[in-house]
Amino acid sequence: MKNQRRSAIRKIAASVFGLTGLAAFGKNLNTKNISQETSSNEIIRNTAEDSDQEVPLFSSSVVHNGLVYIAGKGAHFEGDIKDHTKHVLNELKKELEKAGSSMEKVLKVNVYLNDLNDYKAMNEVYLGKFGKNPPVRTTVAVYGGVPGSSLVEIDCIAALK
C-alpha cells in the first residue's frame, strides 16, 4: 500500500513538473515575420499577406530548426490535373524561395489527389521538379475530395539553404 502511494505521488509530481515545464517552454516561443533572421530555436510563421482575418486559420509556412514546413497548396480554377499540378508546384517553389529554401532542398512531399485516376498524369508533371534526387513522397486520394475546386493539393518539408 505504501509503495502504491509513493508511486502515485511520483506520477502526480512528474505530471505537474511536466506541465509546468511545457508552459514555460510555450511562453518562450518566438514568432516573427518570415523575413527576419532566426536562430535555430525560434519559430517563424509566414501568414498570407492578404488575409482579412485578425487571427489567420493557418500559416502558409513555418521555419524552425533549419527546416521549412510549407502548408498544402491547391489550384482553385478550371483545368485538368496537369494544369493544377503545374500551378501547385509553382506555388510551392515560390513559397520555398520566400522562406530561403528551394525545390532541390525538399525532404518530404505529401500529395493529395481528388481522384486516384489522376495519379499517372500528375506524375508526368511532377517528374523532375525536385531535381535529380527527389524527396520521399506519400500520395493518397482523399475521401470526399480536396477542399475547394482543386484536383490536387501538395505540402512539403524542406531544409533551408
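What share of the contacts with a separation of 6 or more comes from residues 24 or more positions apart? I looked this up first: the share in the protein is 65%. Contact here means heavy atoms within 4.5 Å.

**Ground rules.** I am reading a predicted model, where local features need pLDDT of at least 70, side-chain atom pairs count only at pLDDT 80 or more, and totals for chains, interfaces and linings use all residues. Residues are numbered from 1 along each chain as its sequence is written, and side-chain values use heavy atoms, with hydrogens and water left out.

**Overall layout.** I found three helices and seven strands. These are DSSP runs numbered from the N terminus (helices: H or I, at least four residues; strands: E, at least two). Along the sequence I read α-β-β-β-β-α-β-α-β-β. Of the 161 residues, 30% count as buried. Buried means under 20% relative accessible area, with a 1.4 Å probe and protein chains only.

**Strands E5 and E6.** I checked E5 (residues 106–113) against E6 (residues 136–141). They run parallel and are joined by six bridges; strands pair if DSSP finds at least two bridges between them. Tyr112 stands opposite Val140 in E6. With helix H3 (residues 119–126), E5 and E6 make a right-handed β-α-β unit. Right-handed means that, with the strands pointing away from the viewer, the path from the first strand over the helix to the second runs clockwise.

**Ser150.** This residue lies in the loop between E6 and strand E7 (152–159). Is Ser150 buried or exposed? Ser150 is buried, because its relative accessible area is 2%. I then listed its polar contacts (N or O atoms within 3.5 Å, one able to donate a hydrogen and the other to accept it; residues adjacent in sequence count only if both atoms are side-chain atoms). A polar atom of the Ser150 side chain lies 2.8 Å from the backbone nitrogen of Ala75. The Ser150 side chain also reaches the backbone oxygen of Val152 at 2.4 Å. Not counting residues up to four places away in sequence, Ser150 touches Gly74, Ala75, His76, His84 and Asn114.

**Core.** I looked at the largest nonpolar core, which has 25 residues. Such a core is a set of buried Ala, Val, Leu, Ile, Met, Phe, Trp, Tyr and Cys residues joined through side-chain atoms within 4.5 Å. Leu89, Leu96, Val109, Val111 and Ile154 touch the most other members. Helix H2 gives the most to this core, with six residues. Leaving aside neighbours within four places in sequence, the contacts of Leu96 include Val68, Ile70 and Cys156.

Notes: Buried means under 20% relative accessible area, exposed over 50%, partly exposed in between (1.4 Å probe, protein chains only).
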